[in-house]
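These notebook entries record what I looked up in one structure. I begin with a local detail and then turn to the whole chain.

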Amino acid sequence: MIGQANSKSLQHFIGGEWTGGVGGEFRVLNPLDDSLYAHVAKGTSEDICAAVAAAKVAFASYQKTTPTERERWLLRVAEIMEARQKDLVDCLIDEIGSPVQKAMFEFTKGLTMVRAAAGICRNVRGETIPSDRPDTISMSIRKPLGVVAVITPFNVPLIKTARLVSNALALGNTVVHLPSEMAPHLSLIFAEIVSEAGVPAGAYNVVAGIGAEIGDDLTGHEDVDFVTFTGSSVVGQRINEICAKNKTPNTLELGGKSPTIILSDANLDKVMPLAARSVFMFAGQACIASSRFYVERPLYDEFVKRFSVIIEKLGMGDLRDPNTVIAPIISPRQRERIKGHIADARAKGATVFGGEWHGNRCQPTLLTDVSEDMTVCRTETFGPVTAIYPIDSYEEGLKKANDTEYGLSSAIFTNDIDRAFDFARNSSAGMCHINGPTIHDEAHVPFGGNGESGVGREGTDADLEAMTELKWVTVQL
């Protein structure tokens, strides 16, 4: 067990054992009111090394497990998750401030991720290859890489943990997991579940700690064979440099400045609820949130009017009330970032709808008259803030949507099938949604972005490719 979990004194999970390590503790605060949520063992370089060593030892036997065994373990993980739904949902509410609707959405999606991972256990396969050499059988076989380092964010910790850890385990890899220092409890509950499901000791290890202090120890470790990271573009660049130096393959899912284009033939009755969802789910603390709307002029005024009405109605009450939509902002640093973006825009002439604070929650905020010299124009805010721009044509909207260093998600609302598919082909983002919000994910899709938004893709098929390696084998008859 976690160890004194009821009093929220949390430990690492290394080699199948709970340990406090030697690094002291750090505190996790409930973002709703900054009250103490947990004391957590503070991971050190020694803890990382111990976890990697445990994963490496476990890999020697775990890579030889059968698809039936790994499939059974993962389906058992899903069964235990269902039995512990309340624990997981409560953790999402109290540790990171998820409104219950978002927590339930994440629980359901995380459950799907685990079950989808069980489905790839039997798909780790190669192929026969034609050969120019007579009487030769040429083939490829696919093998797990080894120790996978998983670094997950605070905003969707269950989805990311369930997807990345389960996919790695399904493919025969072992895992060392460094969760966000703002959301370690969720991953430690997941470790309990994995252990109870019968996954061999050392196959899954969790080290809690401060990423800025021990992240390099994990991503740069000589025995780490693959790194997958979700977080900021700045940290992603650092990890990419470390991995390049060590020739460690990796996937990086980073920040976004995701655009949505709304053309004049769109139906606003259908667009408005999807537009609100695309930016205000979890108070905009999502890399795929739509922080830029480009609206053709015939609809622009009506769109702004309707959106300004919607933001007044979004619930900001008890997080366990299903009518509550707006979450607290996770940390003081992030609150100051959001306040700074809004203040800068207001000072430079933007029109601000909303933007007031209620405790640690920011009222949904719309910005119009946004200019290039405003920070919010090009920089990711990671909060419930979006800018609305008028455009005179689809072509202008496409050009402006692509005028960014990011390239994660994008969306277009139109009944014009030609323009819709032109946008799908020519959007610089890694994901494009036609008549749907930028916030969307499924277990098996190639999830990820381009440019400053990342490297590689996540998902069952994508992770199967990324977390295994092909070996060429020939047999001379």
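Helices (H or I, at least four residues) and strands (E, at least two) are DSSP runs, numbered from the N terminus. I recall that most residues other than glycine have a negative phi.

**Basis of the entries.** I am working with a predicted model, in which local features need pLDDT of at least 70, side-chain atom pairs count only at pLDDT 80 or more, and totals for chains, interfaces and linings use all residues. Residues are numbered from 1 along each chain as its sequence is written, and side-chain values use heavy atoms, with hydrogens and water left out.

**Whole chain.** I noted 15 helices and 23 strands in the chain. The radius of gyration is 23 Å, close to the 23 Å that the globule rule gives for 477 residues, so the chain is as compact as a globular protein of that length. The radius is taken over C-alpha atoms, and the rule is 2.2 Å times the number of residues to the power 0.38. I read the span of the C-alpha trace along its principal axes as about 70 × 65 × 40 Å.

Of the 477 residues, 56% are buried. Buried means under 20% relative accessible area, exposed over 50%, and partly exposed in between (1.4 Å probe, protein chains only). Among contacts in the chain with a separation of 6 or more, 73% join residues 24 or more positions apart; contact means heavy atoms within 4.5 Å.

**Helix α8.** I checked the length of helix α8, residues 233–246. At 1.5 Å a residue its 14 residues should span 20 Å, and the end C-alpha atoms are 20 Å apart, which agrees. The expected span is 1.5 Å times one less than the number of residues.

Which residues of α8 are buried? I listed Ser233, Gly236, Ile239, Ile242 and Cys243. An α-helix has 3.6 residues a turn, so residues three or four places apart point the same way. The cover over the buried residues of α8 includes β8 (147–152), α7 (211–219), β11 (226–230) and β12 (250–253).

**Threonine 219.** This residue lies in helix α7. I found threonine 219 buried, at a relative accessible area of 1%. Leaving out residues up to four places away in sequence, threonine 219 touches Ile151, Val227, Ile239, Ile242 and Asn246.

**Glycine 231.** I placed glycine 231 in the loop between β11 and α8. Its relative accessible area is 24%, so glycine 231 is partly exposed. Apart from residues up to four places away in sequence, glycine 231 touches Glu253, Leu254 and Gly255.

Is aspartate 135 buried or exposed? Aspartate 135 counts as exposed at 56% relative accessibility, and I located it in the loop between β6 (127–129) and β7 (136–144). Phi of aspartate 135 is near 55°.

I then turned to phenylalanine 382, in the loop between α12 (375–378) and β19 (385–391). Phenylalanine 382 is not a glycine, yet has a positive phi of about 60°. I recorded phenylalanine 382 as buried, with a relative accessible area of 18%.
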